[in-house]
Amino acid sequence: MAGYIARQLDATVQELFTQLPAILLVGPRASGKTTTAARHAKSIVRLDREAEAQAFRADPDAALRALQEPVLLDEWQVVPGVLGAVKRMVDTRPDPGRFLITGSVRAELDGQWWPGTGRVTRLPMFGMTVREQMGAVAGPSFVDRVAAGGPLEPAREAIDLRGYVDLILQSGFPEPALRLTGTARQHWLDSYLEHLLTRDVEQLETGRDPIRLRRYLEAYALNTAGVVDERTLFDAAGINRKTAAAYERILTNLFVTESLPAWTSNRLKRLVLGPKRHLVEPGLASAILRLDTTGVLRQGDLFGRLIESFVVQQIRAEVPTSATRPRLFHVRQQEGRLEVDLLVELGGGRVIAIEVKADAGPDVRSARHLITLRDRLGTDFLAGVVLHTGPRAYVLSDRIVAAPISTMWARS
């Protein structure tokens, strides 16, 4: 495929498709799922095109049998009955490499839409990481590198505070990140948001007010990377608790927002169990809040929140390809006695703890919560990293280092 930019998930999809009959790629709209899946297909069905959807609504089994395999079924949620047809065909003949399914709605949205358990293997695919945009997909993930104890060096290309904001706001969507600049990029993001709040939401739940939903999303964006009380969000949006819960469910199912769960341990007391809320794609903040790079830099608290969501975004996208099979959490004790932005849990109870600082030269005080966690967990604490906006990597304490954020996409 001419002009294709390799994704970190490519090798995983290729390996699984040699052994599994059906793979489901799910993630945000316009994140590149169809482009990647199409590399493995001989027939492509775009179910968001009415002419193609009609045949699958009428008789999905017959429509599938008529196609040369492997078949790519794009935007499954438009004709959810297609999943049942895939199940029946896989039950009949479970040969590997038969079906690829893509969608921008979580497959588990409704139990009656999801008959694929045990037949269809689900893989999440998010927007492009900076590493992918730079064409540096070979090698282990950032988490795997930290777990292996290797050195953490910055990317060769120097980047300053403004450069990090530019990276955040260009987004991980392939079209604006790789091909658009300036006004054209901003119009693309504005249009994406408008489409999301009207057409995409309407597909899931009819009758939702896009104006009130936009206000809720604005409040969410302002509080991204926060353990924020629900009341803060629904009061800011001028809605009630029930409506706010419905809005968050919709936005989560559309891969716009995500709640990072709290980590628990019997070695830590008085833990806050509430989730930390993140924009899945922090680059959308430019459209949601109508801010450019200068506007973000003028709001120090917002910049700190966006850069933390940006780091989580980069790591989240690598989870499906990481050999250590990580799970992501946050840690917070009541009254702020212990707070860790991102806790990565590996097998066997081992953890990697990550703090994100909008600071060019953090010292050992920036790692005090990591040190506390290390001392509480002992040998289960594998490593701690303070990711910062400066140029150098250096040791802060035993098993704890400071490293530039650009380390995440540094070429080895």
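This is a predicted model: local features need pLDDT of at least 70, side-chain atom pairs count only at pLDDT 80 or more; totals for chains, interfaces and linings use all residues.
View 1. Residues are numbered from 1 along each chain as its sequence is written, and side-chain values use heavy atoms, with hydrogens and water left out. Look for Arg7, Gln8, Leu9, Pro124, Met125, Phe126, Gly127, Thr129, Glu132 and Ala317, which line the largest cavity.

**View 2. Helix α10 meets helix α11.** Helices here are DSSP runs (H or I, at least four residues), numbered from the N terminus. The axes (lines fitted to C-alpha atoms over the stretch in contact, with angles from 0 to 180 degrees between N-to-C directions) of α10 (residues 182-204) and α11 (residues 210-222) come within 10 Å and cross at roughly 125 degrees. That makes the pair oblique, a label for angles left over once under 35 degrees is roughly parallel, over 145 roughly antiparallel and 65 to 115 roughly perpendicular. In contact (heavy atoms within 4.5 Å), Leu193, Glu194, Leu197, Thr198 and Val201 of α10 meet Pro210, Leu213, Arg214 and Leu217 of α11.

**View 3. Helix α11 meets helix α13.** Now α11 pairs with α13 (residues 241-253): their axes come within 11 Å and cross at roughly 75 degrees. So these two are roughly perpendicular to each other. From α11 come Arg212, Leu213, Tyr216, Leu217 and Tyr220, touching Ala244, Tyr247, Glu248 and Leu251 of α13.

Definitions and conventions. On a 1 Å grid over the protein atoms alone, a cavity is a set of points where a 1.4 Å probe fits but cannot get out, and a pocket is an open set with protein on both sides within 12 Å along at least five of seven lines; lining residues have an atom within 4 Å of a point.
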